[in-house]
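I've opened a new model and want to jot down what I look up in it.

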Amino acid sequence: MRFNMLKTALKTLPALMIGATLAASANSAMAADVKLGLAAALTGPAAKYGVAIKNGFTLAADEVNAKGGVNGNKLVLIAEDEQGKKEEAINVFKKLIFQDKVLMVFGPTLSNSAFAADPIANAAKVVAFGTSNTADGITAMGPFTFRNSVMEADVLPVTVKAAVKHFSIKKVAVIYGNDDAFTKSGYDVFKATLEQQKVPVTTTEAYAKGDVDFKAQLTKIKAGNPDAIVCSCLAEEAANIILQTRALGMKQPFIGGNGLNSPKLFEIAKDAGDNTLMGSPWSSENLTPANKAFIAAYKAKFGSDPDQFSAQAYDALHVVAEALKNVKLSGALDKDRDALRLALPAVKIDGATGKFAFRAAPAVAGKQVGFDAQQEAVVSIAKGGKFTLLK
């Protein structure tokens, strides 16, 4: 009896092993690498943003994969350096979309580059997800353009109102970069905001990208004796402008957008940047569990403090991971790319930057275009070489 039972079991074993092998193979076939493209300025003047952005994505991808990926699929980040240049952003988008065949593309870093590269993604029906593009018109380029970077149009009115109250401002001067989409768009918002809030402008001065000597503009600003200086600038130019105002004996506080929200500002300006006010969706002083966990994990992995741009990148990957939970990947790239586009607008998360949701951008010529960030802005003030929440 026992011999017959053993004989039967031995006959059955190979079949069981084959069945288990087939099941494992089926599960293996079902699991896949999900390739996500990243176009970031990893070298050049915009690398102060791009490197932090890449770090934020890397940290988030590692976290998602450590928990088994999304629906068993591993997220694979393919990063390319677009150098903060429009022509390089175009080349990188083409490589990621047509050669690497990524599911979607994050980036590029600067709004200038986004205006050049995002139309390629929309024509190819691939999601282009901006995490640092705040200029007006980004999401108007098409239905495949998304961003979780809060528009300057949402942030700057809050910042100006807070600055006027905090410093008892009666009049301001304005300086901005006139050949960059981000700084020019920021200037347009500042101009409209100052008019709306009835804050007189003593003088408006402009400069070109790469300028390092601002003495001529600042001498004119000094003559108007403003109570504060509005600066629609990127961090490096802003830092040099601040230093040169102090060299001219000017002590006015500065008011800026999220382009100032970089450690680079304080690396150059040091304590001269004190009393600079800046609006942003993120602060290191936000002590929510999600942000505390992000900051701790970032410091442990990279040995440095995160910034707004790494936080927004970190949240963006988690937004896409959440959307992918509701996408049944078919292996047909065109269908999967469109399925992700359709899944993204419904995502809501509570991330490092706080509670986040998308809102549809205004239609263009009666047609639905992309999606902007629906998120609250906070105002910070520079003290002792770092930004702290304005009380």
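Predicted model: local features only at pLDDT ≥ 70, side-chain atom pairs only at ≥ 80, totals over all residues.

Before anything else, a term I need: two strands pair if DSSP finds at least two bridges between them.

Entry, strands. I looked up strand β1, residues 33–40, and strand β2, residues 74–81. They pair in the parallel sense, over eight bridges. On that pairing I found Ala40 opposite Asp81 in β2. Then I asked myself how many of the eight residues of β1 are buried. Six are, so the strand is largely enclosed by the rest of the structure.

Entry, helices. Next I went to helix α3 (residues 86–99) and helix α4 (residues 111–124). They pack with their axes 8 Å apart, at an angle of about 25°. Angles under 35 degrees count as roughly parallel, and α3 and α4 are therefore roughly parallel to each other. I noted their crossing as right-handed.

Which residues meet there? From α3 I listed Lys86, Ala89, Ile90, Phe93, Lys94, Ile97 and Phe98. On the α4 side I have Asn112, Ser113, Ala116, Ala117, Asp118, Ile120, Ala121 and Ala124. Sorted by class, the contact of α3 with α4 has 10 nonpolar, two polar and three charged residues.

Entry, one residue. I picked Ser113, which lies in helix α4. Is Ser113 buried or exposed? Its relative accessibility is 0%, so I put Ser113 down as buried. Leaving out residues up to four places away in sequence, I found Ser113 touching Glu82, Gly84, Lys85, Lys86, Ala89 and Pro108.

Notes
Residues numbered from 1 in each chain as written. Heavy atoms only, no water. Axes fitted to C-alpha atoms, helices over the stretch in contact; angles between N-to-C directions. Helix = DSSP H or I, 4+ residues; strand = E, 2+ residues; numbered from the N terminus. Parallel < 35°, antiparallel > 145°, perpendicular 65-115°, else oblique. Left-handed = near helix turned anticlockwise from the far one by under 90°. Contact = heavy atoms within 4.5 Å. Nonpolar A, V, L, I, M, F, W, Y, C, P; charged D, E, K, R; others polar. Buried < 20%, exposed > 50% of the residue type's maximum accessible area, 1.4 Å probe, protein only.
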